[in-house]
Amino acid sequence: MGKTVLIVDDSRFMRAVVRNEVERNGCTVVAEADCSDGAVEKYKEFKPDIVTMDITMTVDGHTVGRSSNGIDAIKQIKEYDPDAKILVVSAMGQKCYVIEAIEAGAKDFVIKPFDEARFAEALSHFM
């Protein structure tokens, strides 16, 4: 079994796309979450080797507040486990979000829709 992965994205379709790429690259998905609170809970429960994290997530079709987004989840996971390996996979490719995610503790950033080769390259940094 390869590295274990937690996929965090509010889109069921995007979680399936990420799952496909994660498994194609020899990793095993141990859990999925569709919100930042779920991400922290699943991280503590499954202790995956890698987390893929969306930045902007919605609840019932509405964007959640800044207190419940991917960057806050990164901070909470890193507080719980400073060695957590987090790969941001988000459509929010603006420079400020990239910088904020890296400052929060993410190790790399892939912009959706992503190129398979770029995703594989980013994932390889955690292997």
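User: In this predicted model, which helix holds Ile74, and what makes Ile74 count as buried or exposed?

Analyst: Ile74 is found in helix H3, which spans residues 70-80. The relative accessible area of Ile74 is 0%, and since buried means under 20%, Ile74 is therefore called buried.

User: Which residues is Ile74 in contact with, leaving aside its neighbours within four places in sequence?

Analyst: With those neighbours set aside, Ile74 is in contact with Met53, Ile86, Val88, Ala101, Ala104, Gly105 and Ala106, where contact requires heavy atoms within 4.5 Å. As for Asp54, it lies 20 residues from Ile74 in sequence, and the C-alpha to C-alpha separation of the two is 9.9 Å.

User: Why are H1 and H5 called oblique to each other?

Analyst: Helix H1 (residues 12-24) packs with helix H5 (residues 116-124) at an angle of about 60°, their axes being 10 Å apart. Roughly parallel would need an angle under 35 degrees, while roughly perpendicular begins at 65, and the pair is therefore oblique. On the H1 side the contact is made by Val18, Glu21, Val22 and Arg24, and on the H5 side by Glu116, Phe119 and Leu123; by class, four of these residues are nonpolar, three are charged and none is polar.

User: How do you know where the buried residues of H5 lie around its axis?

Analyst: The buried residues of H5 are Phe119, Ala122 and Leu123. Because they cover an arc of only 100° around the axis, they are on the same side of H5. These buried residues pack against H1, strand S3 (50-53), strand S6 (86-90) and strand S7 (108-111).

Notes
Residues are numbered from 1 along each chain as its sequence is written. This is a predicted model: local features need pLDDT of at least 70, side-chain atom pairs count only at pLDDT 80 or more; totals for chains, interfaces and linings use all residues. Side-chain values use heavy atoms; hydrogens and water are left out. Axes are lines fitted to C-alpha atoms, for helices over the stretch in contact, and angles run from 0 to 180 degrees between N-to-C directions. Helices (H or I, at least four residues) and strands (E, at least two) are DSSP runs, numbered from the N terminus. Angles under 35 degrees count as roughly parallel, over 145 as roughly antiparallel, 65 to 115 as roughly perpendicular and the rest as oblique. Ala, Val, Leu, Ile, Met, Phe, Trp, Tyr, Cys and Pro count as nonpolar, Asp, Glu, Lys and Arg as charged, and the others, Gly among them, as polar. Buried means under 20% relative accessible area, exposed over 50%, partly exposed in between (1.4 Å probe, protein chains only). The arc is that of the directions from the helix axis to the C-beta atoms.
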